[in-house]
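Hi,

Here is the structure I promised to pass on to you. Have a look at it first, and then read on for what turned up in it.

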Amino acid sequence: MNEYKRVAAIHDISGVGRCSLSVIIPTMSVMGIQVCAVPTAVLSAHTNGFGDVVMKDMTEYIPEALSHYKTAGVGFDCIYSGFLASARQVSLCLDFFSAYPDALKIVDPVMGDNGKRYKTYTAEMCECMAELVAAADVITPNLTEASILLGEEYPVSQLSLSEVKSMLVKLSGKGPETVVITSVPMADGKNSNVGYDKKNNAFWRVTYEKVPKHYPGTGDLFASVLTGGLLLGDSLPIAISRATSFCEYAIKTTFGYGTNAREGVMLEKCLPLLTTPQSFMDYTSL
Ligand code: PXL
């Protein structure tokens, strides 16, 4: 038994721009969760606004790290995968899942945003991501990633309740018990993060106010707080509510300062909120 919940976070580390492990480690740490980084790539910056970034692929490192953890008897309560640097890394994540069958398996199928694939994601990698999704307990795609996984066009208009429910059910049909889709513009004009719990056939929605600026890394922030919440015992709607509320706070704090969006959200200023006791009940059942 670990004194603190321990998570293996299989994600990249981007030096500049506040995303991936640079966000995941501090966020989950202040929530009282130990994060063990398994870097999939090391980048000078994220790929959204800094031009030609330097990227070193860490594919060869991952199986050696896993082998070491097995030899050393290191256990994990959760395996959380995110940005991958090669198609082979999908099977390496699956090896982590197999090595820790009791761990909660969270897959953030990082592939794109705003209707577009990230520069480093090939069509082959997107196809392989479906295999990882099939093995997950929980997945957290944004609307772009949900569309890629379903082989559908990115929706050009706002979504009705039944369209959103249908996407959630189709995604869970690929394997995961729990699906959370983020950044969904809905037909009533409210932007929402929506969740589905297949076992209880329950649908949840948490709305938020959007600002006219897009900050990279907020999907990683959302998945970190959601994962942290679930590991600390939150129900699904409360975890979605906690993650939505913190992302909204971080985005609005940052927006007020007018900083360049490529720098991501001002996490340093916002993290203390996660250490204070708060109540979350900002969800509706659909
Ligand atoms: O936040 C997602 C993400 C993660 N890792 C890298 C990225 C991005 C989004 O741009 O570029 C390297």
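A word on names before the details: helices (H or I, at least four residues) and strands (E, at least two) are DSSP runs, numbered from the N terminus. Please also keep in mind that this is a predicted model.

Let me start with His46. Where is this residue placed? His46 belongs to the loop that links β2 (34-45) to β3 (55-57). Is His46 buried or exposed? Its relative accessibility is 4%, so His46 counts as buried, the cut-off for that being under 20%. A polar atom of the His46 side chain lies 2.8 Å from the backbone oxygen of Arg262. Arg262 is also among the contacts of His46 beyond its neighbours within four places in sequence; the others are Ser14, Val16, Gly17, Cys19, Val53 and Pro216.

- Asp12: an N or O atom of its side chain is 2.7 Å from a nitrogen atom of the ligand.
- Thr47: a polar atom of its side chain is 2.7 Å from an oxygen atom of the ligand.
- Asp220: here too a polar side-chain atom lies 2.7 Å from an oxygen atom of the ligand.

Next, a pair of helices. The axes of α2 (residues 61-71) and α3 (residues 88-99) are 10 Å apart, and the helices pack at an angle of about 10°. That angle makes α2 roughly parallel to α3, since angles under 35 degrees count that way. From α2, the residues Ile62, Pro63, Leu66, Tyr69 and Lys70 meet Arg88, Gln89, Leu92, Asp95, Phe96 and Ala99 of α3. By type, the residues of this contact are 7 nonpolar, 1 polar and 3 charged.

Finally, α5 (residues 143-150). Why is this helix largely enclosed by the rest of the structure? Because 7 of its 8 residues are buried, namely Leu143, Thr144, Glu145, Ala146, Ser147, Leu149 and Leu150. Their cover includes the strands β6 (112-113), β7 (116-117) and β9 (178-185), along with the helices α4 (123-135) and α6 (161-172). At the start of α5, a side-chain oxygen of Asn142 comes within 3.1 Å of the backbone nitrogen of Thr144. After α5 comes Gly151, with a positive phi near 65°.

Best wishes

Technical notes. Residues numbered from 1 in each chain as written. Predicted model: local features only at pLDDT ≥ 70, side-chain atom pairs only at ≥ 80, totals over all residues. Heavy atoms only, no water. Buried < 20%, exposed > 50% of the residue type's maximum accessible area, 1.4 Å probe, protein only. Polar contact = N/O pair within 3.5 Å; in protein donor to acceptor, adjacent residues only side chain to side chain. Contact = heavy atoms within 4.5 Å. Axes fitted to C-alpha atoms, helices over the stretch in contact; angles between N-to-C directions. Parallel < 35°, antiparallel > 145°, perpendicular 65-115°, else oblique. Nonpolar A, V, L, I, M, F, W, Y, C, P; charged D, E, K, R; others polar.
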